[in-house]
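Here's a quick tour of one model, going from sheets to helices to charged pairs. Keep the viewer open and follow along.

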Amino acid sequence: ESTPELKDQCIFDIMQGVSINIFIKKKDKDASSLAQVFYKDIYGSRKLKLNFLAENKLSTVDFQEIVPSAPLYIFRPHDNLLQEVYESGFKIDKLMINCVQGFKTDRDNLAIQYSKEDIENIAFDMLNTTLSDNDFQSKYKVKDNRDWSLSEARQRIRNKKNWNDCIVKIQYRPFDVRWTLFDKILVTYPRPLIEQNFILHPNIALGIGKSGNVIGDSEWSLVSISDIAMDINVIPRGGIYLFPLYIYDGMLQYANFTPDIVKKIESITELFMQDCHDTERSENGFLPIDLIDYIYAVLYSPSYRDTYNDFLQSDFPIIPYPNSADYFFSIAEKGKELRELHLMKTIKQQDIITQYPVYDANNDNIVLSRKFVENDNDTGRVYINETQYFDNVPKDVWEMFISGYQVADKWLKDRLNKKLTNEEIIHYQKMIVAIKRTIEIQEDIDNIIRL
């Protein structure tokens, strides 16, 4: 929540906001009587707030009575009519009932690496019978825990004939693709749904956070997309939930959509959803990926995020039904652009808008800082050490939050003390292009969307 005052202080000398809650337990235990909830906001200086508390008692405070209602029971004033409009859409976990949290390793420093070669070297060390468990633990700074044992993991890889087939790319953070050995050899919680539907088969997934309140005042941004398995912390604090487009069951493949919701979309738009094996859209039809693109675009709309901010704080989002075929496809087309950008499918080296001009043999591309120094034209330099920087980075790109992270900063933060390769330098610059274009597409979506 953002305060309306320029100067709003906490009554205690801490950064966190403070609420004072007074609960009254009555002797009357009549279950038919409903509790009453009263609310009061006090903004301003610490002195003003302390004076208010000193000068008032419960009977003199002009409380506002609120009536919390299902499903969220929000304990602050909100627009009930707006809530009804919001809830008239379809909930993402009702449309896509097969979902799971992202995988979790419990030892990222060992299980997640920047290159395939690094993972292979770890695997070879696990297979090396001359390297003791103690020496391995010392080398890689890992310990056993309740759910993982080094000795058991080493025995598992020795018994697994095709362990190298499990070495795959994974989505570690937004725009940050790395490598792991996707097996309980290294991954504590690989999640069967992820193994079956991403490691063994091609797929794409919406990644969505359930608790918007974990990111504080920042605009809700807890959505991602990937065609590879996603780490739980692609979205911070609360984790990401993966909603795969396709479910594979033996020889069968089907779209992960609830029939009743699809039928309602078909009825409104007078379209029909095509088979998941179709690659071309037919007349009066739409592909399963079109529905993913529609949802993705809606969740990137600043108007949607602002209008329904209260309702995005403690549950999965609800998506408004499209009101016509033309509207559905116009929104879905913007979602497709976002999807291809975020999967880094459409950005070429000639699209890069930034520069990396300074070679310094002393620093040699090592990330020692992440400092944005503003220029005079709404751009700036992102310094990675004292002398080296990315130039002409748009300020709004540097400040942009995606999946709960300030991504242009986060990507560098995760590489502190690391020497950037030429490929990583180019990747970062392509990432800047993707974020810049995302901001532009968000404006396009807001020019189309109807809430």
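Two strands count as paired if DSSP finds at least two bridges between them. Strand 4 and strand 9 have two bridges, and they pair in the antiparallel sense. Keep in mind that this is a predicted model. One of the places to look is Gln101, whose bridge partner in strand 9 is Tyr241.

Zoom out and you get an open sheet of four strands, with antiparallel pairing and the order 4-9-7-8. Strand 4 (100-101) and strand 8 sit at the edges, each pairing on one side only. Two helices pack on this sheet. Helix 8 (residues 192-199) touches strand 4, strand 7 (205-209), strand 8 and strand 9, and its direction makes about 45 degrees with that of strand 9. Helix 10 (residues 288-299) touches strand 7 and strand 8, with a direction at about 145 degrees to that of strand 8.

## The hairpin

Next up are strand 5 (residues 167-173) and strand 6, which run antiparallel and are joined by six bridges. Ile167 stands opposite Leu181 in strand 6. The two strands form a hairpin with two residues between them, and Phe175 in the turn has a positive phi of about 65 degrees.

Is strand 6 mostly covered or mostly open? Strand 6 (residues 176-181) is mostly covered, with five of its six residues buried.

## Two helices side by side

Now move to helix 12 (residues 325-342) and helix 15 (residues 422-448): their axes come within 10 Å and cross at roughly 170 degrees. An angle over 145 degrees counts as roughly antiparallel, so helix 12 is roughly antiparallel to helix 15. On the helix 12 side, the residues in contact include Tyr327, Ile331, Leu338 and Leu341. Among those they meet on helix 15 are Ala434, Ile441, Ile445 and Ile448. Sorted by type, the residues of this contact come out as eight nonpolar, three polar and four charged.

Charged residues show up here as a pair, too: the side chains of Arg437 and Glu337 meet in a salt bridge, at 3.0 Å from N to O. With Arg437 in helix 15 and Glu337 in helix 12, the pair links distant parts of the chain, 100 residues apart. Arg437 is partly exposed, with a relative accessible area of 27%, and Glu337 is partly exposed as well, at 21%.

How many salt bridges does a search of the whole structure find? The search turns up 30. One to click on is Arg173 with Asp231, where the closest N and O atoms are 3.1 Å apart. Arg173 lies in strand 5 and Asp231 in the loop between strand 8 (223-226) and strand 9 (240-244), so this pair ties together parts that are 58 residues apart in sequence. Both Arg173 and Asp231 are buried.

Then there's Arg281 with Asp290, a salt bridge at 3.0 Å from N to O. Arg281 counts as partly exposed because its relative accessibility is 42%, whereas Asp290 is buried, with a relative accessible area of 5%.

## An exposed lysine

Last stop: Lys161, in the loop between helix 7 (150-159) and strand 5. Lys161 is exposed, with a relative accessible area of 78%. From Lys161 to Val85, the C-alpha to C-alpha distance is 55 Å, and the two are 76 residues apart in sequence.

Key: Residues are numbered from 1 along each chain as its sequence is written. This is a predicted model: local features need pLDDT of at least 70, side-chain atom pairs count only at pLDDT 80 or more; totals for chains, interfaces and linings use all residues. Side-chain values use heavy atoms; hydrogens and water are left out. Buried means under 20% relative accessible area, exposed over 50%, partly exposed in between (1.4 Å probe, protein chains only). Axes are lines fitted to C-alpha atoms, for helices over the stretch in contact, and angles run from 0 to 180 degrees between N-to-C directions. Angles under 35 degrees count as roughly parallel, over 145 as roughly antiparallel, 65 to 115 as roughly perpendicular and the rest as oblique. Contact means heavy atoms within 4.5 Å. Ala, Val, Leu, Ile, Met, Phe, Trp, Tyr, Cys and Pro count as nonpolar, Asp, Glu, Lys and Arg as charged, and the others, Gly among them, as polar. A salt bridge is a side-chain nitrogen of Lys or Arg within 4 Å of a carboxyl oxygen of Asp or Glu.
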